[in-house]
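Work through the two exercises below. Keep the sequence and the 3D view open as you go.

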Amino acid sequence: MTATVAEIAKLFGSFDGDRSNLPSFEAIYPNRDAPILRNVDGKLTLETMTWGVPPPAKASRPVTNVRNLKSPFWRSMLNTPERRCLVPVTSFCEWEGEAGSKRKVWFGRTDTPLFSFAGIWRPTEEGPRMAFLTTEANDTVGAVHPKAMPVLLKQEDHETWLTADYDDATSLARPFDDALVEVVERESDS
């Protein structure tokens, strides 16, 4: 996520929160902070949250990607618009290759340099934590990672994601239009 605060405001509109420039996030990993936008008292607010929601009791690692939208573990957050957020990104990565020789393949949008994932968040003892939704991969992403891809939102879907009821909001969890997704970088073998 390498966009500036001014670029974020241009895409998402006016928001509260820190108006100074964000650092450039060349790569965001689990258990690291990432910028998000969420509604606070009816006003879009920019802040950072740690990526990875504490897991259900039987798991040990934080959960970074939400796929089963009917799971009771996620349903309470998905049912509550205040627990939904937009995760702004300039590209996202999937890994290709065999174990021991994997390399990153970066994807972006063809129609905009900045876009968002559908995210959810919750408060924890360590501070607020977030994850983003995934869905079936489209053909472009599926050629590298056939299992899933992030839920990418169009600008006109931001309000629906942040305010609509469960059914309308989760209807956005679908593979993104192939014509609007492209490989922007393939790391070379090292």
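Predicted model: local features only at pLDDT ≥ 70, side-chain atom pairs only at ≥ 80, totals over all residues.

**Exercise 1. Find how many disulfides the whole structure has, and explain the result for C85.**

Solution. 

Step 1. A disulfide is a covalent bond between the sulfur atoms of two cysteines.

Step 2. Search the whole structure. The search returns zero disulfides.

Step 3. Check C85. Its closest cysteine sulfur belongs to C93 and lies 20 Å away, too far for a bond. The cut-off for a disulfide is within 2.5 Å.

Step 4. Check from the other end. For C93, the nearest cysteine sulfur is that of C85, and C93 is in no disulfide.

Step 5. C85 has a relative accessible area of 0%, so C85 is buried. C93 is partly exposed, because its relative accessibility is 22%.

**Exercise 2. Work out the strand order of the open three-stranded sheet, and say which strands stand at the edges.**

Solution. 

Step 1. Read the order. The strands run β6-β7-β12, and the pairing is antiparallel.

Step 2. Find the edges. β6 (92-96) and β12 (181-186) each have a single partner strand, so one side of each lacks a neighbour in the sheet.

Step 3. Take the twist. From one strand to the next, it averages 35°.

Step 4. Look at one pair. β7, residues 103-109, joins β12 through five bridges in the antiparallel sense.

Step 5. G108 sits opposite E182 of β12.

Technical notes: Residues numbered from 1 in each chain as written. Heavy atoms only, no water. Buried < 20%, exposed > 50% of the residue type's maximum accessible area, 1.4 Å probe, protein only. Pairing = 2+ DSSP bridges. Helix = DSSP H or I, 4+ residues; strand = E, 2+ residues; numbered from the N terminus. Axes fitted to C-alpha atoms, helices over the stretch in contact; angles between N-to-C directions.
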